[in-house]
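Please read them with the sequence and the structure open beside you.

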Amino acid sequence: MPGMTKRKYVGEIMSFNESLKSPLNIIKSVLPYNYSKEDVLTLFKELYPYEWGIIEQRYKLYKEKDDFLVKVGKKKRYKPIQPQFYLYGLPKVKHMLSEGQRKLHRDNFNEEQRIKKIKMLQEKTKSRISKLSKKFDDAKELIQEVEPLYIDIFINAYHRKGITTEEKMEIAKELQKYECEKSLEFFYKLNDSERNSQIRIMAFKHLQSLGRYVKLRKGFKGKKKSYMSEKTSFDMKPLDLLQRIENDSIQNKKTFDYFISHSFLDNGLVKEIIKSLNQSHLHVYCDWFNDTDFLKRQYAGEYTKIVLQKRIQQSKKVLFIRTKNTNDPQNNFFSEWVEMEILYAKELNKEIECVDMINDGNCAFKIFEDYKNQ
């Protein structure tokens with residue numbers, strides 16, 4: 001391992017080891033009378049599941065880095081230790097397992113106090129994990145947990161020679177909308193090797209917001225080039241997206257399994273349906289999931305309409321979410337946007353499925369035959 005890389009890696013390990021001292025001190029106070037290293041591991045997993053998850057992520061991250069190095073004909077660089085053996089090898093754990101510490105623990109042992117403290121810690125853990133889960137769930141609210149059908153095209157485009165900072169930002173923003181193995185690997189590589197500071201920090205913050213273990217890669221040595229400090233506001237409007245779709249850009253390479261036609265007032269229901277479809281490995285288009293960087297509500301108009309029609313073209317099927325919010329109460333006709341989407345889909349002979357919350361009151365899919373007769 002090169003000197004600089006080794007110093008950074010060793011420093012990162014020391015810092016991470018230090019962060020585990022406090023949890024291990026607390027675990028030490030609730031160990032059983034005759035404890036073993038397995039008891040330390042079990043209590044750590046139970047009382048600090050988030051930290052255990054980070055240990056597992058670190059192992060996987062550095063193992064994948066070593067596997068890649070071997071794949072390209074180089075030597076392993078990091079040689080991470082499997083999670084349980086990593087925990088057993090920590091100086092603090094070794095100290096806890098020493099005979100002197102075991103004897104001291106037995107001499108001061110009080111089972112009643114131990115049980116009381118464990119219950120208190122379990123409640124704290126439950127509350128802490130609940131808060132962390134909410135934080136990560138909020139960050140993933142508009143993220144689809146599925147591999148987009150075009151992800152390889154986007155990743156290859158990112159590494160194209162001569163690509164601009166704005167084009168890189170566009171691809172990064174697009175892939176932020178998905179959580180899958182390939183998108184996570186993509187952002188880890190950006191954090192490790194992207195020389196543009198704005199995009200590298202963006203990748204770091206994205207991974208961090210998902211609860212992933214990541215260490216921010218600092219600046220690069222050597223001569224600073226202008227593109228490293230370039231910044232883009234990426235302030236886009238519907239026309240910008242339309243021009244991209246109509247030209248040879250990444251936006252016209254997209255394909256979707258479903259286009260969702262719905263009322264934004266049903267956003268809670270739409271989120272549930274999208275998550276359900278993702279579990280079946282289906283990739284969904286929803287304007288306020290997929291095109292938030294372009295289709296801002298204050299600019300909604302003719303260009304927005306054309307963009308939505310283009311997205312219908314790129315989708316295999318249309319899924320109509322029929323609720324009281326999609327119908328005009330005066331004439332029982334669809335709202336303007338939904339009507340446009342359904343009519344355009346029929347014009348293209350797209351298969352239209354329906355989730356009818358008015359007549360059926362459930363989320364069962366059925367073929368949507370004739371919108372005028374519904």
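Predicted model: local features only at pLDDT ≥ 70, side-chain atom pairs only at ≥ 80, totals over all residues.

1. Residues are numbered from 1 along each chain as its sequence is written, and side-chain values use heavy atoms, with hydrogens and water left out.

2. The largest pocket holds about 1400 Å³ of space; a pocket here is an open set of points on a 1 Å grid over the protein atoms alone, where a 1.4 Å probe fits, with protein on both sides within 12 Å along at least five of seven lines, and its volume is the space filled by probe spheres set on the points, which are joined across faces, edges and corners. Its lining, meaning residues with an atom within 4 Å of a point, comprises 37 residues, and Y62, K65, Y78, Y188 and D192 lie nearest the centre. Helices α1 (3-19), α4 (49-71) and α11 (181-193) each give at least two residues to that lining, where helices are DSSP runs (H or I, at least four residues) numbered from the N terminus.

3. The second largest pocket, with about 470 Å³ of space, is lined by 21 residues, and those nearest its centre are F264, D287, W288, R297 and W337. Helix α18 provides the largest share of this lining, four residues.

4. Helix α11 has 13 residues and spans 18 Å from its first C-alpha to its last, close to the 18 Å expected at 1.5 Å a residue, the expected span being 1.5 Å times one less than the number of residues. Its buried residues (under 20% relative accessible area, with a 1.4 Å probe and protein chains only) are S183, L184, F186, F187, Y188, L190 and N191.

5. Among the 31 salt bridges of the structure, the one between E170 and R244 (3.0 Å, N to O) links helix α10 to helix α14 (residues 238-246), and so ties together parts that are 74 residues apart in sequence. E170 is buried at 5% relative accessible area, and R244 is also counted as buried, at 16%.

Note on methods. Buried < 20%, exposed > 50% of the residue type's maximum accessible area, 1.4 Å probe, protein only. Salt bridge = Lys/Arg side-chain N within 4 Å of Asp/Glu carboxyl O.
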